[in-house]
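Okay, thanks everyone for coming. Let me put the structure up, and then we'll walk through it together.

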Amino acid sequence: YAIGQIQGIYILAENSAGLVLIDMHAAHERILYEQMKSAFAAGTIEAQPLLLPLQIQMNQREADCAETHFSVFEQLRIELERIGPEMLVVRQIPAMLVEANIDQLVRDVIADLMTYGTSSRIQEHMNELLSTCACHGAVRANRQLTLAEMNALLRDMEHTENSGQCNHGRPTWSQLSLAELDKLFLRGR
């Protein structure tokens with residue numbers, strides 16, 4: 001169970017074995033990634049229309065790439081429209097990414113698309129695109145969470161496949177047993 005936050009980055013929690021430190025961004029990123037993979041496979045990613053469509057200025061090559069791959073954005077539930085040679089407008093996003101930096105998310109997906117090239121390679125790398133989306137949607141450092149939010153994140157971790165590492169392979173949590181804590185403080189000597 002959560003005890004608190006450290007520097008707006010880590011969750012301090014306890015379990016029957018001792019102390020647990022959780023990287024809240026990495027853990028949330030894995031949770032979102034697995035949810036997005038499941039929803040994508042089932043075709044059930046929910047969309048959230050933006051109250052105010054977001055205009056994004058970029059170079060023509062990036063705008064051309066986005067326009068060429070509008071169908072990929074549609075699969076991700078990101079609705080784009082090209083409104084000029086170097087301008088896109090975002091009209092909807094995946095509901096689970098409502099807190100994300102949409103401008104940067106779209107730019108990063110375009111960068112991935114430019115890297116993967118052809119449509120067949122894009123489909124082969126769809127999990128990387130979903131990972132990019134999850135990273136942008138995950139809770140960021142310095143966001144103060146309530147104990148209820150921290151505990152909800154911990155419960156989600158318990159039900160998420162591969163929750164011990166983020167999408168990039170880094171650990172999401174670390175355990176210190178009571179014996180290790182005792183050793184740190186020279187207890188029992």
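So, charges to begin with: this predicted model has 15 positive and 24 negative charges in its protein chain, and their mean positions sit 6 Å apart. Lys and Arg count as positive here and Asp and Glu as negative, while His and the chain ends are not counted. Each charge is placed at NZ of Lys, CZ of Arg, CG of Asp or CD of Glu.

Some housekeeping. Since the model is predicted, local features need pLDDT of at least 70 and side-chain atom pairs count only at pLDDT 80 or more, though totals for chains, interfaces and linings use all residues. Residues are numbered from 1 along each chain as its sequence is written, and side-chain values use heavy atoms, with hydrogens and water left out.

Now the overall picture. The protein chain has eight helices and seven strands; these are DSSP runs numbered from the N terminus, H or I of at least four residues for helices and E of at least two for strands. Its C-alpha atoms fill a box of roughly 70 × 35 × 30 Å along the principal axes. How many of the 189 residues are buried? The figure is 42%, where buried means under 20% relative accessible area, exposed over 50%, and partly exposed in between, with a 1.4 Å probe and protein chains only. As for contacts (heavy atoms within 4.5 Å), take those with a separation of 6 or more: 68% of them come from residues 24 or more positions apart.

On to the inside. In soluble globular proteins, nonpolar side chains tend to be buried together. Here the largest nonpolar core has 34 residues, and Phe 73, Leu 80 and Val 106 have the most contacts inside it. By nonpolar core I mean buried Ala, Val, Leu, Ile, Met, Phe, Trp, Tyr and Cys residues joined through side-chain atoms within 4.5 Å. Helix H4 (102-116) is among the elements that supply at least two residues each, and H4 gives the most, with seven. Look at Leu 80: leaving aside neighbours within four places in sequence, its contacts include Phe 70, Phe 73, Leu 88 and Val 106. Apart from this core lies another one of 14 residues, including Met 24, Ala 27, Met 150 and Leu 154.

Next, Arg 30, in helix H1 (residues 24-42). Is Arg 30 buried or exposed? It's buried, because its relative accessible area is 6%. A polar atom of the Arg 30 side chain lies 3.3 Å from the backbone oxygen of Asn 162. Beyond its neighbours within four places in sequence, Arg 30 also touches Thr 160, Glu 161 and Cys 166, among others.

And that Asn 162? You'll find it in the loop between H7 and strand S7 (173-177). Asn 162 is not a glycine, yet its phi is positive, about 55 degrees. With a relative accessible area of 44%, Asn 162 is partly exposed.

Asn 142 also has a positive phi, near 70 degrees, and is a residue other than glycine. It lies in the loop between H6 and helix H7 (147-158), and counts as exposed because its relative accessible area is 59%.

Last stop, Leu 178, in helix H8 (residues 178-184). Not counting residues up to four places away in sequence, Leu 178 touches Ala 17 and Gly 18. Okay, over to you.

Notes
Polar contact = N/O pair within 3.5 Å; in protein donor to acceptor, adjacent residues only side chain to side chain.
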